[in-house]
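Subject: Structure for you to look over

Dear colleague,

Here is the structure I said I would pass on, with the sequence alongside. My notes on what was found follow below.

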Amino acid sequence: MADFSSFDMPSASSSEKADAAELQRLLAVEQQKAQFQAQVHNFTDVCWDKCMDKPSAKLDSRTETCLVSCVERFIDTTLTITNRFSQMVQKGTH
């Protein structure tokens, strides 16, 4: 995604700079929303394929347990990877 934080606006008024900062904040929020939605879509696909034998009007307990476990594992794995990358970045910058 684009990073607009390095734009210099020497001739911009403080109001324009504030508007640019607000726009940048809004873009960051929208990027986070898009990333979250992509994650939800991804684990929905993975867990559906793994747990659903045949769609029916009701989830049986085995399918429900499988879906819950799959999503929890997916979230735990994503958090572990994210934390590990964060640690690597922090070690690299110090």
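In these notes a residue is called buried when its relative accessible area is under 20%, exposed when it is over 50%, and partly exposed in between, with a 1.4 Å probe and protein chains only. This is a predicted model, in which local features need pLDDT of at least 70 and side-chain atom pairs count only at pLDDT 80 or more, while totals for chains, interfaces and linings use all residues. Residues are numbered from 1 along each chain as its sequence is written, and side-chain values use heavy atoms, with hydrogens and water left out.

Overall picture

The protein has 2 helices and 0 strands, where helices (H or I, at least four residues) and strands (E, at least two) are DSSP runs numbered from the N terminus. Of its 94 residues, 11% count as buried. The protein exposes about 8,000 Å², with 58% of that supplied by carbon and sulfur atoms; accessible areas come from the Shrake-Rupley method with a 1.4 Å probe, and for residues only the protein chains shown count as cover.

Disulfides

A search of the whole structure gives 2 disulfides, a disulfide being a pair of cysteine sulfur atoms within 2.5 Å. One of them joins Cys-47 to Cys-70, with an S to S distance of 2.0 Å, and it links distant parts of the chain, since Cys-47 lies in helix H1 (residues 14–51) and Cys-70 in helix H2, 23 residues apart. The torsion about this S-S bond of Cys-47 and Cys-70 is about -85°, so the disulfide is left-handed. Both Cys-47 and Cys-70 are buried.

Cys-51 and Cys-66 form a disulfide too, with their sulfur atoms 2.0 Å apart, and this pair likewise links helix H1, which holds Cys-51, to helix H2, which holds Cys-66, across 15 residues. Its torsion is about -75°, so this disulfide is left-handed. Cys-51 is buried, because its relative accessible area is 1%, and Cys-66 is buried with a value of 18%. With bonded cysteines counted along the chain, the disulfides follow the pattern 1-4, 2-3.

Around Thr-63

Thr-63 is found in helix H2 (residues 61–93) and, at 7% relative accessibility, counts as buried. Leaving aside neighbours within four places in sequence, Thr-63 is in contact (heavy atoms within 4.5 Å) with Cys-51 and Met-52.

Salt bridges

The structure holds 3 salt bridges, each defined as a side-chain nitrogen of Lys or Arg within 4 Å of a carboxyl oxygen of Asp or Glu. Arg-25 and Glu-22 meet in one of them at 2.9 Å, N to O, and because they are 3 residues apart in helix H1, they are separated by about one helical turn. Lys-33 forms a salt bridge with Glu-30, where the closest N and O atoms are 3.3 Å apart, and this pair is also 3 residues apart in helix H1, about one helical turn. Asp-53 forms a salt bridge with Arg-62, with the closest N and O atoms 2.3 Å apart; Asp-53 is exposed, with a relative accessible area of 62%, whereas Arg-62, at 46%, counts as partly exposed.
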